[in-house]
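I opened my notebook and worked through one structure, entry by entry. Come and look along with me.

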Amino acid sequence: MIRSPAPCCVLLLASALFALTGCITTTDNPSPVEESPSEAASFNVQLGANYLRQGNLELAKEKIEKALEQDPELPLAHTYAGLLFDRLGEAERAEGHYRTSLKLQPDDSVTLNLFGAYLCRQTMAEQAERYFLAATRDPLYRTPEVPYTNAGVCLAGAGLLERAESYFRRALDANGRYGDALWQMARLSDQRGRSLQARAFFQRYAEVNSLNAQALWLGVRIERSLGDKSSAQRYADRLLSEFPDSVEARQLLDTMENT
């Protein structure tokens, strides 16, 4: 069974904080030029986004709520409010703001993607799938591989492995070097006993990403399943040398002791 889709959603949040507003100001000083309510709201959204990125949820909430007071129909303010209340564990308020943002701006791919991630965390995988797919339909969206991969992770977490694989493949059709999709395909192939396919995807993943403990342990398992003791040992040696205190290193040592 594939792990919970939570890691994908964490990634979504981290990337979204940069994608939504671009270059964000870091000063809290008001502009000396008189602003319209809409301009003031945009300024406060940017401040709130910056605080949210820094993990300062109290100040983020203050600025985002101020922005909503100044311009209740600013889609970006509602999107960030959705992110904020999701982080605060207030699911009902988060969902309300996401839906309001999409009502005001129905085709915004970033918000569609984020709302899909939210729904996935609420274990509504098939509803989440619809929003991830909607995010890919914008021809101007530069990274459709992201929502495709998120859809795959979400469906895999719900046990829908065939559909999950189809989304990982769509992600790789969009960007053949997208590391997250390559990783998911390597893991999924290994879990389904398709060792040669798992090796191929793992090798492609290793070309574009450094290998952490989790990846090296996967490499060991794949090569063992193929009977390539030499390659398995190379990954094992790296795992024990580079990440000796990791959970994966302990798992490796356990398997060595039991053989």
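**Getting my bearings.** Helices (H or I, at least four residues) and strands (E, at least two) are DSSP runs, numbered from the N terminus. I am working with a predicted model, where local features need pLDDT of at least 70 and side-chain atom pairs count only at pLDDT 80 or more, while totals for chains, interfaces and linings use all residues. Residues are numbered from 1 along each chain as its sequence is written, and side-chain values use heavy atoms, with hydrogens and water left out.

**Entry: A77.** I found A77 in helix α4 (residues 75–87). Is A77 buried or exposed? For this I need the cut-offs: buried means under 20% relative accessible area, exposed over 50%, and partly exposed in between (1.4 Å probe, protein chains only). A77 has 0% relative accessibility, so it counts as buried. I also looked up E65, 12 residues from A77 along the chain, and the C-alpha atoms of the two are separated by 8.2 Å.

**Entry: D108.** I located D108 in the loop between α5 (91–104) and α6 (109–121). D108 is buried yet has no salt bridge, a salt bridge being a side-chain nitrogen of Lys or Arg within 4 Å of a carboxyl oxygen of Asp or Glu. Which side chain of opposite charge is nearest to D108? It is R142, 11 Å away; here Lys and Arg count as positive and Asp and Glu as negative, while His and the chain ends are not counted. What I did find is a polar contact of 2.5 Å between the side chains of D108 and T111. (A polar contact is a pair of N or O atoms within 3.5 Å; within protein, one must be able to donate a hydrogen and the other to accept it, and residues adjacent in sequence count only if both atoms are side-chain atoms.)

**Entry: T123.** Most residues other than glycine have a negative phi. I noted that T123 has a positive phi of about 60° although it is not a glycine. T123 sits in the loop between α6 and α7 (125–136), and its relative accessibility of 72% means that T123 counts as exposed.

**Entry: salt bridges.** How many salt bridges are there by this rule? I get 15. I looked up some of them.

- R163 and E129 meet through their side chains at 2.4 Å, N to O. This pair links distant parts of the chain, with R163 in helix α9 (residues 161–174) and E129 in helix α7, 34 residues apart. R163 is partly exposed at 32% relative accessible area, whereas E129 is buried at 11%.
- R192 and E165 form a salt bridge at 3.0 Å, N to O. R192 is in the loop between α10 and α11 and E165 is in helix α9, 27 residues apart, so I wrote down another link between distant parts of the chain. R192 is partly exposed at 26%, and E165 is buried at 9%.
- E242 and R238 form a salt bridge at 2.9 Å, N to O. Both lie in helix α13 (residues 229–242), 4 residues apart, about one turn of the helix. Salt bridges that share partners join E162, E165, R169, R192 and R194 into one network.
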